[in-house]
Amino acid sequence: MRKPLVAALSVLALAGMGTAPAVAAEPSVAGVGKSVDTETATSVVHDLVTSTTSALKQATAPSATIQAVTLAGTVSLSNCSGSVIRFPNSLDTDPALVLSNGHCLTSGFPDPGEVITNQASTRTFGLLNSSGSRVATLRASKLAYATMTDTDVSIYQLTSTYATIKSSYNISPLTVQDTHPTAGTAITVASGYWKTLYNCNIDGFAYRLKEGVWTWKDSVRYTSACQTIGGTSGSPVIDQATGKVVAVNNTGNEDGESCTDNNPCEVSENGTVTVREGINYAQEIYNIPACFTTGNQLNLSASTCTLPKP
């Protein structure tokens with residue numbers, strides 16, 4: 001995961017004129033995942049070029065593999081991507097929720113073992129329509145849940161209800177699938193930050209995914225077509241057949257290193273370590289609905305809730 005980028009507008013302007021800082025390689029930064037590095041200008045240019053290339057690849061991909069997944073309901077954060085989500089039992093009158101990564105918090109990465117619940121927040125999110133245009137600014141009332149232990153997730157509760165968002169902007173939330181995802185499923189990683197769709201398949205699952213000091217359980221591994229980049233952290237992973245969110249995008253092995261920051265490794269049940277350079281990953285979310293009750297309120301004490309607890 002990468003730390004959050006600074007002076008983005010000026011660097012993007014330079015990139016548009018064909019000018020880039022005279023740096024041979026993207027600088028190494030401490031951190032994990034696919035958030036945007038707000039501390040280096042170089043990585044903005046790198047990610048812009050990579051994102052443009054990715055978008056062109058997606059646009060020229062065979063149409064038969066691309067379903068009607070759009071950017072509607074996704075959001076842009078200051079350093080990451082996210083989406084407005086609902087659970088199968090959520091009501092239109094419930095306060096809406098935004099899903100992203102734990103490593104996308106403005107306060108920094110949660111420590112291993114740290115779980116944050118019901119913390120006041122006024123963070124804002126840019127709501128996108130199907131074409132990727134920003135149609136509104138949504139605001140959080142609290143950070144309902146966040147952790148980087150076993151998974152990498154943050155869930156914000158908004159000041160708006162689903163009904164209000166629908167009536168004001170004609171945008172519906174994405175529904176979270178409450179069953180385990182399946183290998184081979186055609187998926188789209190929808191990045192609100194980059195307004196880009198990445199299409200591939202679920203290649204399989206990592207028993208343990210270790211990156212630096214963090215370890216995640218039963219992570220989703222993509223096929224190589226999903227070349228996600230900095231800023232795609234927190235993007236919903238959408239099943240192309242159902243339109244439901246089956247995971248949340250969070251990291252990838254960038255340099256072929258083993259188990260280091262920005263270079264997660266897979267660890268099997270018997271301890272075998274596998275490194276897959278250039279392969280990207282997401283965290284499952286099917287277990288999250290069981291931890292929220294009436295009114296979209298967090299209830300970690302629910303008998304079927306398996307999320308890490310404080």
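Predicted model: local features only at pLDDT ≥ 70, side-chain atom pairs only at ≥ 80, totals over all residues.

Student: Over which ring does the charged end of Arg86 sit?

Tutor: The cut-off for the distance to the ring centre is 6 Å. For Arg86, the charged end is 5.1 Å from the centre of a ring, and that ring belongs to Tyr162.

Student: How many aromatic pairs does a search of the whole structure find?

Tutor: Ring centres must lie within 6.5 Å to pair. Searching the whole structure gives a total of 4.

Student: What kind of aromatic pair do Phe87 and Phe292 form?

Tutor: Planes under 30 degrees apart count as stacked and over 60 as edge-to-face, with the rest tilted. Here the centres are 5.0 Å apart and the planes make an angle of 45°, so the pair is tilted.

Student: How many residues apart in sequence are the parts that this pair ties together?

Tutor: Phe87 lies in the loop between β2 (81-86) and β3 (95-100), while Phe292 is in strand β17 (residues 292-293). The pair therefore ties together parts whose separation in sequence, in residues, is 205.

Student: Is Tyr281 buried or exposed?

Tutor: Tyr281 belongs to strand β16 (residues 280-284). Buried means under 20% relative accessible area. Tyr281 has a value of 0%, so this residue is buried.

Notes
Residues numbered from 1 in each chain as written. Heavy atoms only, no water. Phe/Tyr/Trp six-rings, centres within 6.5 Å; stacked < 30°, edge-to-face > 60°. Helix = DSSP H or I, 4+ residues; strand = E, 2+ residues; numbered from the N terminus. Lys NZ or Arg CZ within 6 Å of the ring centre and 35° of its normal. Buried < 20%, exposed > 50% of the residue type's maximum accessible area, 1.4 Å probe, protein only.
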